[in-house]
Amino acid sequence: MKQKVVAAHPLIEQYITPLFIAFIAACMLGLAVSAWRFGGMQSLFNAQTSHGQLLPDADALHAAYYSNADPIHDADRFPGHVPQYAYAKEVRKVAVELDMEERLLYAVARTESSLRSDVRSDRGAMGLMQVVAGAGGREAYKRLYKKSRNPTEKELADPYTNLKLGGAYLKILRHRYFGQVEDRTVQTMLVLAAYNWGPSNVRRKIVGKFPVQTREQVLKALQQDAPTETYQYVRKVMRYMDEFAKLSGRPA
């Protein structure tokens with residue numbers, strides 16, 4: 001018996017068949033894209049394992065980006081929170097360990113070294129916090145490690161150790177020399193002036209001569225009797241602290 005062939009409905013040929021072909025094509029394209037992306041990820045993974053690390057170290061990251069950028073002012077790229085910055089991981093770790101404000105460590109390091117770990121001054125100050133081995137560095141080292149010696153150049157060149165020594169010295173200044181100051185902001189400003197100019201100078205020539213109950217009074221006293229460098233230093237650090245607090249949404 002001859003079999004009868006039933007023709008497809010015209011609507012199927014006109015609409016369904018093209019849609020089915022398009023669906024198959026889309027699936028194949030998706031598979032091809034996935035394979036391409038997997039290949040790219042695999043290449044990246046291979047590069048990671050062959051070179052030892054996926055991301056450059058902090059110094060390389062700084063050199064590639066932060067040398068010509070101002071991370072605290074890139075708020076349009078990082079809306080709603082403080083952007084990442086060079087040595088952020090180390091700064092946050094030290095802030096937690098020493099029970100300090102991240103914004104203070106960040107602002108001092110940025111002012112002292114522009115967040116560069118390889119900076120060395122003519123006076124021998126080294127690293128992110130510009131620690132002087134025989135002065136504040138020695139006091140901080142004794143406080144942290146219970147050993148009365150100067151930190152080595154290798155220790156000062158290490159970003160984490162340098163931040164910790166600088167942070168410890170800031171705490172020494174705060175509690176040993178200005179612990180009686182009640183206003184936290186005024187106390188911080190005096191600590192910053194002492195970090196730059198020396199605690200004896202600040203106690204004798206600023207605290208001992210002027211009323212320093214407000215931020216404005218401290219700035220006026222520094223402008224009148226401190227070196228211009230110290231006056232500008234305190235203003236700069238405080239500005240960076242205020243900007244950091246504003247962007248992070250934390251109280252200043």
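## Overall architecture

The secondary structure of the protein comes to eleven helices and zero strands, where helices (H or I, at least four residues) and strands (E, at least two) are DSSP runs numbered from the N terminus. Read along the sequence, the pattern is α-α-α-α-α-α-α-α-α-α-α. This is a predicted model, in which local features need pLDDT of at least 70 and side-chain atom pairs count only at pLDDT 80 or more, while totals for chains, interfaces and linings use all residues. Residues are numbered from 1 along each chain as its sequence is written, and side-chain values use heavy atoms, with hydrogens and water left out.

Of the 252 residues of the protein, 38% count as buried; buried means under 20% relative accessible area, exposed over 50%, and partly exposed in between (1.4 Å probe, protein chains only). A contact means heavy atoms within 4.5 Å. Among contacts between residues at least 6 apart in sequence, 56% join residues at least 24 apart.

## The largest nonpolar core

A nonpolar core is a set of buried Ala, Val, Leu, Ile, Met, Phe, Trp, Tyr and Cys residues joined through side-chain atoms within 4.5 Å. The largest one holds 59 residues, of which Val 108, Met 129 and Tyr 195 touch the most other members. At least two residues of this core come from each of helix H3 (88–98), helix H4 (102–113), helix H5 (136–145), helix H7 (159–177), helix H8 (184–197), helix H9 (199–207), helix H10 (215–225) and helix H11 (228–248). H8 gives the most, with nine residues.

The surroundings of Met 129 can be listed in detail. Not counting residues up to four places away in sequence, Met 129 touches Leu 105, Val 108, Ala 109, Glu 112, Asn 162, Leu 163, Gly 166, Gly 167, Leu 170 and Tyr 195.

## Helix H8

H8 has 14 residues and reaches 20 Å from its first C-alpha to its last, close to the 20 Å expected at 1.5 Å a residue; the expected span of a helix is 1.5 Å times one less than its number of residues. Because twelve of the 14 residues of H8 are buried, this helix is largely enclosed by the rest of the structure. The buried residues are Val 186, Gln 187, Thr 188, Met 189, Leu 190, Val 191, Leu 192, Ala 193, Ala 194, Tyr 195, Asn 196 and Trp 197. The buried residues of H8 pack against H4, H7, H9, H10 and H11.

Both ends of H8 can be described. At its start, a side-chain oxygen of Asp 183 reaches to within 3.0 Å of the backbone nitrogen of Thr 185. After the helix comes Gly 198, whose phi is positive, near 105°.

## Helix H11

The 21 residues of H11 should span 30 Å at 1.5 Å a residue, and the end C-alpha atoms are 30 Å apart, which agrees. Buried residues of H11 include Thr 230, Tyr 231, Tyr 233, Val 234, Val 237, Met 238, Tyr 240 and Phe 244. The buried residues of H11 pack against H4, H8 and H10. Gly 249 follows the helix and has a positive phi, near 80°.

## Aromatic rings and charges

Rings of Phe, Tyr and Trp (its six-membered ring) pair if their centres lie within 6.5 Å; planes under 30 degrees apart count as stacked, over 60 as edge-to-face and the rest as tilted. By this rule the count comes to six aromatic pairs. One of them joins Tyr 85 and Phe 244 edge-to-face, at 6.2 Å centre to centre and with 75° between the planes. Tyr 85 lies in the loop between helix H2 (58–64) and H3 and Phe 244 in helix H11, so the pair ties together parts that are 159 residues apart in sequence. Tyr 85 counts as buried at 4% relative accessibility, and Phe 244 counts as buried at 1%. Ring pairs link Tyr 85, Tyr 106 and Phe 244 into a cluster.

A charge sits over a ring if NZ of Lys or CZ of Arg is within 6 Å of the ring centre and within 35 degrees of the ring normal. Lys 93 lies over the face of Tyr 160, at 4.6 Å from the ring centre. Arg 110 lies over the face of Tyr 240, at 3.8 Å from the ring centre.

## Positive phi in the loops

Most residues other than glycine have a negative phi. Leu 115, in the loop between H4 and H5, has a positive phi near 60°. Leu 115 counts as buried, at 5% relative accessibility. Lys 146 has a positive phi of about 60° although it is not a glycine. Lys 146 is placed in the loop between H5 and helix H6 (153–157) and counts as exposed, at 68% relative accessibility.

Definitions and conventions: A polar contact is a pair of N or O atoms within 3.5 Å; within protein, one must be able to donate a hydrogen and the other to accept it, and residues adjacent in sequence count only if both atoms are side-chain atoms.
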